[in-house]
Amino acid sequence: PLLSQVHQRLGGHPKLLEIFSYWAKRLGIITALNGLPESNANIQQFIITEVIRTLSLPEQQLLRAICTYRIPISVEAITAPYVGSEIHDLLQMLINRLLINQEENLRYSVHSLVREFCYRELGITSQLHSNAAQYFLNSIEGNTDTKLVILAEAFYHALQAQNSSLAYEVFLILSDRLDIVGHYEMMIFVCTELAALSGLSSEQRAHILTNLGLVHRRISDLETAISYHHQALAMYRELKQDRGEHVNLDHLASAYRQIGKIRQAIELHHEALSIVNSDKDPDRALYILCNLATAYRQVGQFRIAVEYHEKGVQLSERHYCDQRVIGRNLQNLGMAYYYLGEISKAEHTIRTAIIHNEAAEDRRESSDSFQCLGLILWYEDQLELAEEFCEKAIKICREIGYSRGEANARGNLGLCYLKRGMLDVSYSYIEDAVSISN
């Protein structure tokens, strides 16, 4: 009957039952049960308060430090006035009281029930959040998904600490990773949250606007993208910061290309190219050359496009350049060869681009390369392979929300089925492509 009464009073909450069992061992189950408040609404807070009251000050400080974190952490993450083996003794005491859990690989976590109480009653200071952000920033390792989790935690804690300089430092890495893997909604969230912090410099705010423009262009919200890039461009010009100026000129040009204003785009790309220093910033120079070549390709000037792409190849041979930018330039060079009818050069160049894009873990550019190779293989009547690459592209595009890429890949897949004589299937894919594009 006593156990049934305990279960009823605690609402059957597993963690609360665990903590109550520790408390009842010290007082006796009848005394502990009689000591519970009459209102069930206050029981959770009462029990955790009573157990925490049994902790020494160092134990409370350690519990508060662990409660700062939302994911399991190692001993190295805990910043508190402990040295030597003492911290391990204190950790064991908290484990014995069922307030924290020891996970695999000697990592420690806390139940959300306990964490919520600590946040409310013990208080998690800005310094603890800053320490947590710095810990995560210093421990980026593993695959792309793990890096994103670690960076997201670092950014969360920097925000909680209202530490604008640390939040911006994390943002520089996090925004790049989010763009690579295509997490565009999260990228917008990160930019917006960071912009709300005080203490940012004008240059930092201009960089956030640049990223907002870039991500809105990625999701084809072109009017918003153009607005952000104009704001950032004005700020960089006022700051007399050349790099920010040519970056936003190039992004603006790319946005204008997407809405069909190609001549205006070419002028802006040339203006950006006239400002960039290719020796000091070869990645950005290569990026602008690639975009300018793409603009010429869009107006059918394929030979000029090849010239600018090949200038980019020569630049990447003289300087160490980012794999993503090299891959993108090669991919667009391959398509320029394709439109000139140089199919074997086109296929070789696109396949080389895929190697660079996959090495850079750039899913968006990889999807573009896959659908481009699909088109070339379609032309060569290698339909089974063409369909395979188009399907790969569609899968990635759907996962990252890259609608323009999905439309292109579906259109190419429709061409494959048309060549097979499967008219209904072909029309279905082409109609989907048109619908997505619109």
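Lys 240 counts as exposed, because its relative accessibility of 74% is over the 50% cut-off. The model described here is predicted. Lys 240 sits in the loop between helix H13 (222-239) and H14. Its phi is positive, at about 55°, although Lys 240 is not a glycine. Most residues other than glycine have a negative phi.

Gln 162 is another non-glycine residue with a positive phi, near 55°. The loop that holds Gln 162 runs between helix H9 (144-160) and H10. Gln 162 also counts as exposed, because its relative accessibility is 55%.

Helix H18 spans residues 323-339, 17 residues in total. From first C-alpha to last, H18 reaches 25 Å. That is close to the 24 Å expected at 1.5 Å a residue. Most of H18 is covered, with 15 of its 17 residues buried. At the start of H18, Asp 322 contributes a side-chain oxygen. This oxygen comes to within 2.7 Å of the backbone nitrogen of Arg 324. Just after H18 comes Gly 341, with a positive phi of about 85°.

The largest pocket holds about 900 Å³ of space. It is lined by 32 residues. Closest to its centre are Arg 297, Gln 371, Tyr 402, Arg 404 and Asn 408. Two or more lining residues come from each of helix H12 (202-218), helix H14 (242-258), helix H16 (282-298), H18, helix H20 (363-379), helix H22 (403-420) and helix H23 (423-437). H20 gives the most, with 6 residues. By class, the lining of the largest pocket comprises 11 nonpolar, 12 polar and 9 charged residues.

The second largest pocket has a volume of about 730 Å³. Its lining consists of 30 residues. Nearest the centre of this pocket lie Asp 176, Leu 214, Arg 243, Arg 284 and Arg 324. Arg 324 is also the residue whose backbone nitrogen is approached by Asp 322 at the start of H18. At least two lining residues each are supplied by helix H10 (164-181), H12, H14, H16, H18 and H20.

Key: Residues are numbered from 1 along each chain as its sequence is written. This is a predicted model: local features need pLDDT of at least 70, side-chain atom pairs count only at pLDDT 80 or more; totals for chains, interfaces and linings use all residues. Side-chain values use heavy atoms; hydrogens and water are left out. Helices (H or I, at least four residues) and strands (E, at least two) are DSSP runs, numbered from the N terminus. The expected span of a helix is 1.5 Å times one less than its number of residues. Buried means under 20% relative accessible area, exposed over 50%, partly exposed in between (1.4 Å probe, protein chains only). A polar contact is a pair of N or O atoms within 3.5 Å; within protein, one must be able to donate a hydrogen and the other to accept it, and residues adjacent in sequence count only if both atoms are side-chain atoms. On a 1 Å grid over the protein atoms alone, a cavity is a set of points where a 1.4 Å probe fits but cannot get out, and a pocket is an open set with protein on both sides within 12 Å along at least five of seven lines; lining residues have an atom within 4 Å of a point. Grid points are joined across faces, edges and corners, and a volume is the space filled by probe spheres set on the points. Ala, Val, Leu, Ile, Met, Phe, Trp, Tyr, Cys and Pro count as nonpolar, Asp, Glu, Lys and Arg as charged, and the others, Gly among them, as polar.
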